[in-house]
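Q: I have a new model open and would like to go through it piece by piece. Can you help me read it?

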Amino acid sequence: MASFSVILGIIGNVISILMFLSPVKTFRRIVKKKSIEDFKGVPYITTLLSTSLWSFYGILKPGGLLVLTVNGAGAILHIIYVTLFLIYAPKDVKVKSLKLVAIVDVGFFGVVVAVTLLALHGSLRLTVVGLLCTGMTIGMYASPLSVMRTVIKMKSVEYMPFFLSFFQFLNGGVWAAYAVLVKDIYLGVPNGIGFILGLAQLLLYVFYKNKYASKSKEAMEDGGGGSAHPIKGVIQMEDFDNNEKMKTISLNQGAFGSTGSKDLELGVKDNL
């Protein structure tokens with residue numbers, strides 16, 4: 001069972017790191033254009049906090065190496081993303097983002113580390129940090145709920161990219177199974193919730209995708225504004241080349257909900 005948990009942990013590391021790498025395309029664009037355009041820095045700043053907290057949890061937890069490695073990698077990547085964002089952001093956005101980084105990633109995280117190491121002792125350290133990580137991860141996993149409501153209301157999966165749901169389902173399932181094997185409730189609860197929410201999204205996608213395809217076909221036949229193209233799941237947020245319009249859904253998570261993670265930043269691109 002120990003070797004199986006290691007295998008699951010390694011698989012989880014691979015999935016989460018791939019999700020952490022998803023913003024690379026966006027930042028290549030930012031560097032090339034020397035502008036952040038309409039991209040927002042908040043998802044990267046909050047994911048940096050999440051991965052930092054999970055990394056600290058991995059350090060505190062006996063046998064937490066696999067938790068540390070994936071989130072340590074995620075934290076390093078998001079330090080790079082945040083740095084590039086700050087370099088190319090206009091002055092007003094840069095000032096606001098620097099304040100947020102100082103408050104969230106430096107101030108809050110620093111306070112958590114200091115209080116944990118100086119004021120808490122024994123198992124209480126792991127409990128406090130674990131609860132903080134769990135709360136953040138549940139919040140990140142729950143972020144697509146508004147999208148699910150939109151899908152049900154509109155009876156269309158147009159605004160719910162398949163790969164966002166699939167990777168949330170896959171990531172949550174792998175880390176939840178790992179948590180069961182290593183008996184880690186702080187890892188298991190948020191990822192179990194993520195697994196269930198991911199499954200619910202996949203079921204909605206299966207139920208409504210044919211209805212969306214039918215609507216698209218009808219729109220084409222009616223000549224309603226040009227051609228309709230199938231939805232394409234793309235990693236990261238925007239791609240406004242030519243007349244393409246991006247409809248973005250951002251889910252940044254720190255490997256476990258972070259998962260990767262997310263970042264996970266996934267969007268839907270329609271050619272309109």
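Q: Where is Lys-183 found?
A: Lys-183 sits in the loop between H8 and H9. The model is a predicted one.

Q: What is its phi, about?
A: About 60°, a positive value, although Lys-183 is not a glycine. Most residues other than glycine have a negative phi.

Q: And is Lys-183 buried or exposed?
A: Lys-183 is exposed, with a relative accessible area of 72%.

Q: Which residue has a phi near 55°?
A: Lys-155, and that value is positive in a residue other than glycine. Lys-155 lies in the loop between helix H7 (145–154) and H8. Its relative accessible area is 42%, so Lys-155 counts as partly exposed.

Q: Stepping back, how many helices and strands does the chain have?
A: Nine helices and three strands. Starting at the N terminus, the order is α-α-α-α-α-α-α-α-α-β-β-β.

Q: What share of the residues is buried?
A: Of the 272 residues in the chain, 48% count as buried. The chain exposes about 13100 Å², and carbon and sulfur atoms supply 70% of that area.

Q: Which residues touch the most other members of the largest nonpolar core?
A: Tyr-57, Val-82 and Leu-187, in a core of 40 residues. Elements that give two or more residues to this core include helix H1 (2–20), helix H3 (42–60), helix H4 (65–88) and helix H9 (185–221). The largest share, nine residues, comes from H4.

Q: What is Val-82 in contact with, leaving aside its neighbours within four places in sequence?
A: Tyr-44, Ile-45, Leu-48 and Val-101. Val-82 is itself one of the buried residues of H4, and among the others are Asn-71, Gly-74, His-78 and Tyr-81.

Q: How many residues does H4 have, and how far does it reach?
A: H4 has 24 residues and reaches 35 Å from its first C-alpha to its last, close to the 34 Å expected at 1.5 Å a residue.

Q: Which residues does the second, separate core include?
A: Val-147, Met-148, Met-160 and Tyr-208 are included in that core of eight residues.

Q: Back to H1. What do its buried residues pack against?
A: The buried residues of H1 pack against H3, H4 and H8. Among them are Ser-5, Leu-8, Gly-9, Asn-13 and Phe-20. H1 has 19 residues and spans 27 Å between its first and last C-alpha, close to the 27 Å expected at 1.5 Å a residue.

Q: Which residues does the UniProt annotation "transmembrane region" cover?
A: According to the unreviewed UniProt entry, that annotation covers residues 6–22, 42–60, 66–88, 100–120, 126–147, 159–179 and 185–208.

Q: What does the chain look like over residues 42–60?
A: Residues 42–60 are 100% helix and 0% strand, with the end C-alpha atoms 27 Å apart. Residues 185–208 are also 100% helix and 0% strand, and there the end C-alpha atoms are 34 Å apart.

Q: What is the mean pLDDT of the chain?
A: The mean is 80, and 76% of the residues reach 70 or more.

Q: Where does pLDDT stay under 50?
A: One such stretch is residues 224–254, for which the model has 126 contacts beyond four places in sequence. Another is residues 258–272, with 103 contacts beyond four places in sequence. Where pLDDT is low, the predicted coordinates should not be read in detail.

Note on methods: Residues numbered from 1 in each chain as written. Predicted model: local features only at pLDDT ≥ 70, side-chain atom pairs only at ≥ 80, totals over all residues. Heavy atoms only, no water. Core = buried A, V, L, I, M, F, W, Y, C linked by side-chain atoms within 4.5 Å. Buried < 20%, exposed > 50% of the residue type's maximum accessible area, 1.4 Å probe, protein only. Helix = DSSP H or I, 4+ residues; strand = E, 2+ residues; numbered from the N terminus. Contact = heavy atoms within 4.5 Å. pLDDT = per-residue confidence, 0-100. UniProt positions renumbered as here; feature names shortened; annotations may be inferred. Expected span 1.5 Å × (residues − 1). Areas by Shrake-Rupley, 256 points an atom, 1.4 Å probe, with all protein chains shown as cover.
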